[in-house]
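Have a look at the model first, then read on.

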Amino acid sequence: MTARTKPAPAPKPYILGIHAYVPGKATASDGRALVKLSANENPLGTSAAALAALEAARGEAAGYPDPDANALRAALAEHHALDAERIVCGTGSDELLNLAAQGFAGAGDEVLFSRHSFAVYDIAARRCGASVVEVPDTDFTADVDAMLAAVTERTRVVFLANPNNPTGTWLAPAEVERLHAGLPSDVLLVVDEAYAEYCAPEVQRVGFDLAAAHDNVLVTRTFSKIHGLAAERVGWATGAPALIDVLNRIRGPFNVTVSGQKAALAALGDTDFVEHSRSHNSATRARFAEAMAALGNHGISTVPSEANFVLVRFEGEVKAEAALDALAEAGYAVRHLPGQGLGDALRITIGTSEDMAKVTATLRTLCGEAA
Ligand code: PMP
């Protein structure tokens, strides 16, 4: 046998600059299963109607799904008063975020987003060879002036998560409009509204209205959060026909499964479940934030959140690492994101009332307070 001398396939250098996405954990370091408050899933589960649709779809596994998700797109259009021709569905909104970058940015271009925002933007930009421009935020909130000041001739795509992950902060409609108004018309603004349904209904349309009125706005939404269908991987986007056309050219032809399309359709119709999930989240989040405020003398605080999670900061004697360990010991996985510059904080998904009472008691005990 002669030694192998031929070179192995060489990856693109910019691909090696990507740090693979680290998902929220579900097990402790010793392998114990934990309650997952680390991935912003719906603690109330999935609507009964969507579960029934999943069950009904079991018999259809041999056939390809509708490549254009026509029934789901029609239902989304009807539900949100949009045009079905301006909607594309994706394998989670993750796919659509990646396609938005790929469709409009490449080597030599810049993709811009706020510090402490969704980790997928960095991957989406780098995997098409574009440069990342990360703009400092203010009080963990996207800073519109700073973002606009960072735009250059090379900027092709701007990502805004609203509400933002992992901080939970939110830009009011007027600020989103101001960001859009300040961007050149040839820059694509992607408004990532994965958590929009947790906001008050009267402020949920800003992205849709911008996307309907302008050629350079794409709004992404997901069934993974309030609809409790993360396992099915169903997301969607709306924007001008020319934008949707680009995404349709490069998406997977059968990118949303049969069960995913059917479950999403049923979930969309279950407005009671959505309403219940929203009110559970806001009431439980408010109680949790109040409980954390009561630990303010221990250096604990929360970042105001409009989403289904809260960023809790540990700036006193109790460190985030110690809280992470104590919560794991109590049976809970939460998210520590030192790699995103949040070493002194934990992102905690709002779970059931019982979960949040236990999380609160654990943190109180750690601070030396009565549970
Ligand atoms: N955007 C944001 C801001 C998110 O937090 C997430 C999920 N973590 C997504 C998009 C992607 O969600 P999915 O692919 O499940 O639709």
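A crossing is left-handed if the near helix is turned anticlockwise from the far one by less than a right angle, and right-handed if clockwise. This is a predicted model, where local features need pLDDT of at least 70, side-chain atom pairs count only at pLDDT 80 or more, and totals for chains, interfaces and linings use all residues. Residues are numbered from 1 along each chain as its sequence is written, and side-chain values use heavy atoms, with hydrogens and water left out. Helices (H or I, at least four residues) and strands (E, at least two) are DSSP runs, numbered from the N terminus.

**α12 against α13**

- Helix α12 (residues 320-329) passes α13 in a right-handed crossing.
- The axes of α12 and helix α13 (residues 353-366) come within 10 Å and cross at roughly 130°; axes are lines fitted to C-alpha atoms, for helices over the stretch in contact, and angles run from 0 to 180 degrees between N-to-C directions.
- The two helices α12 and α13 are therefore oblique to each other (angles under 35 degrees count as roughly parallel, over 145 as roughly antiparallel, 65 to 115 as roughly perpendicular and the rest as oblique).
- On the α12 side you'll find A322, A323, A326 and L327, which meet V359, T362, L363 and L366 of α13; contact here means heavy atoms within 4.5 Å.
- Sorted by class, that contact of α12 with α13 has seven nonpolar residues, one polar and no charged ones (Ala, Val, Leu, Ile, Met, Phe, Trp, Tyr, Cys and Pro count as nonpolar, Asp, Glu, Lys and Arg as charged, and the others, Gly among them, as polar).

- Helix α3 (residues 70-80) and helix α10 (residues 258-269) have axes that come within 9 Å and cross at roughly 20°, so α3 and α10 are roughly parallel to each other.
- The crossing of α3 past α10 is left-handed.
- From α3, residues A71, L72, A75, L76, H79 and H80 meet Q261, A264, L265 and L268 of α10, and the contact splits into seven nonpolar, three polar and no charged residues.
- α2 packs on α10 at an angle of about 155°, with the axes 8 Å apart, which makes α2 roughly antiparallel to α10.
- α2 passes α10 in a right-handed crossing.
- A49, A50, A53, L54 and A57 of α2 make this contact with V258, S259, K262, A263, A266 and A267 of α10; the tally for α2 with α10 is nine nonpolar, one polar and one charged.

**Around the ligand**

- There are 13 residues around the ligand, and S93, D192, Y195, T222 and S224 come nearest (a residue is near a molecule if one of its heavy atoms lies within 4 Å of it).
- D192 puts a polar side-chain atom 2.6 Å from a nitrogen atom of the ligand.
- S224 has a side-chain N or O atom 2.6 Å from an oxygen atom of the ligand.
- For D94, a backbone N or O atom lies 3.0 Å from a ligand oxygen atom.

- N162 and P163 are joined by a cis peptide bond, with omega about -5°, and P163 is in the loop between β5 (155-161) and α7 (173-182).
- Another cis bond runs from N165 to P166, with omega near 15°; P166 is in the loop between β5 and α7.
- N40 has a positive phi of about 55° although it is not a glycine, and N40 lies in the loop between β1 (35-36) and α2 (48-57).

Technical notes: A polar contact is a pair of N or O atoms within 3.5 Å; within protein, one must be able to donate a hydrogen and the other to accept it, and residues adjacent in sequence count only if both atoms are side-chain atoms.
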